[in-house]
Amino acid sequence: MNELYLLRRFEKRLRKLTLLPAEINGCLIYLPINNKDFIVYSRILGSNSSDVNTEANPQRLYITQEFLKENPEYGFVEFHTHTKNTIKKYGEYHAKNLSANDIEAILKNYCSNDIYRHLLVTPQVLKLHKINGKSIIPISFSLIEDIELQQELEDSVNIKFIELENRLGIHLGDILIK
């Protein structure tokens with residue numbers, strides 16, 4: 001598994017999501033370059049009307065899965081937020097840690113995926129995790145400024161998503177995290 005590089009532009013976008021009343025989940029699309037995984041695109045998959053337990057919109061999840069099948073050079077890191085509402089309701093522990101429900105869902109859905117990574121985004125932290133046997137452990141990542149051609153890479157992925165949505169006849173609107 002390559003080291004993950006998160007660009008500051010995506011960090012800012014993710015932190016903005018923690019200001020919303022409801023939790024959000026999504027994925028960060030990365031492109032391996034010289035044995036380093038650079039996040040080049042961010043996509044919201046779902047939210048909820050309450051303050052906890054996000055679920056991906058089935059059409060958004062389907063489009064994202066199809067994108068990854070058709071473009072195997074890319075990979076993904078799943079993320080979700082814990083908002084101020086989550087922390088207020090469930091306690092300070094959730095300001096820096098996955099909940100028991102988060103861990104259970106991740107292990108249930110991805111236990112056999114040894115390259116799966118999950119980013120918890122809260123007002124206080126961005127914390128990357130991977131699966132290690134039957135548990136989840138934190139791992140490091142690097143926060144960097146934009147890389148050369150970043151905007152072109154992001155635009156290229158966005159165009160591929162739009163073309164895929166058009167081809168499949170699924171129009172979800174703008175779901176890029178800005």
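Tutor: A residue counts as buried when its relative accessible area is under 20%, as exposed when that area is over 50%, and as partly exposed in between. Please keep in mind that the structure above is a predicted model.

Student: Is phenylalanine 67 buried or exposed, and what of tyrosine 74?

Tutor: Phenylalanine 67 and tyrosine 74 are both buried.

Student: How should I read the sheet, and in which order do its strands stand?

Tutor: The general idea is that strands of a sheet pair through backbone hydrogen bonds, in either a parallel or an antiparallel manner. Here, eight strands make up an open sheet with mixed pairing, and their order is 7-6-5-4-2-3-1-8. Strand 7 and strand 8 (142–144) are at the edges with a single partner strand each, so one side of each has no neighbour in the sheet. From one strand to the next, the twist averages 35°.

Student: Which strand runs parallel to strand 4?

Tutor: Strand 4 (residues 75–81) runs parallel to strand 5 (residues 117–121), and four bridges join them. Threonine 81 is placed opposite valine 121 of strand 5.

Student: Which strands does helix 2 touch?

Tutor: Helix 2 (residues 58–70) packs on the sheet and touches strand 2 (24–33), strand 3 (36–47) and strand 4. The direction of helix 2 makes about 155° with that of strand 3. Helix 4 (residues 100–110), for its part, lies across strand 4, strand 5, strand 6 and strand 7, and runs at about 105° to strand 7.

Student: How is the packing of two helices described, and what is the case for helix 1 and helix 5?

Tutor: Two packed helices are described by the angle between their axes and by the distance between those axes. Helix 1 (residues 8–17) packs with helix 5 at an angle of about 55°, and their axes are 12 Å apart. Helix 1 is therefore oblique to helix 5. Arg9, Phe10 and Arg13 of helix 1 make the contact with Gln150, Gln151 and Glu154 of helix 5.

Student: Where is glutamine 150 found, and what is its relative accessible area?

Tutor: Glutamine 150 belongs to helix 5 (residues 150–168). This glutamine 150 is buried, with a relative accessible area of 1%. Apart from neighbours within four places in sequence, glutamine 150 is in contact with Leu7, Arg9, Phe10, Ile39 and Val40.

Student: How many aromatic pairs are there?

Tutor: Aromatic rings count as a pair if their centres lie within 6.5 Å. By this rule there are six aromatic pairs. The rings of phenylalanine 67 and tyrosine 74 have centres 5.4 Å apart and planes at 45°, so this pair is tilted. Ring pairs also link Tyr41, Phe67, Tyr74 and Phe161 into a cluster.

Student: What are the centre distance and the plane angle for phenylalanine 76 and tyrosine 116?

Tutor: Their ring centres are 6.4 Å apart and their planes stand at 65°, so phenylalanine 76 and tyrosine 116 form an edge-to-face pair. Phenylalanine 76 lies in strand 4 and tyrosine 116 in the loop between helix 4 and strand 5, so the pair ties together parts 40 residues apart in sequence. Phenylalanine 76 is partly exposed, at a relative accessible area of 23%, whereas tyrosine 116 is buried, at 2%.

Student: Over which ring does the charged end of arginine 43 sit?

Tutor: The charged end of arginine 43 sits over the ring of phenylalanine 161, 3.8 Å from its centre. In another such case, the charged end of arginine 117 sits over the ring of tyrosine 30, 5.0 Å from its centre.

Definitions and conventions: Residues numbered from 1 in each chain as written. Predicted model: local features only at pLDDT ≥ 70, side-chain atom pairs only at ≥ 80, totals over all residues. Heavy atoms only, no water. Pairing = 2+ DSSP bridges. Axes fitted to C-alpha atoms, helices over the stretch in contact; angles between N-to-C directions. Contact = heavy atoms within 4.5 Å. Phe/Tyr/Trp six-rings, centres within 6.5 Å; stacked < 30°, edge-to-face > 60°. Buried < 20%, exposed > 50% of the residue type's maximum accessible area, 1.4 Å probe, protein only. Lys NZ or Arg CZ within 6 Å of the ring centre and 35° of its normal. Parallel < 35°, antiparallel > 145°, perpendicular 65-115°, else oblique.
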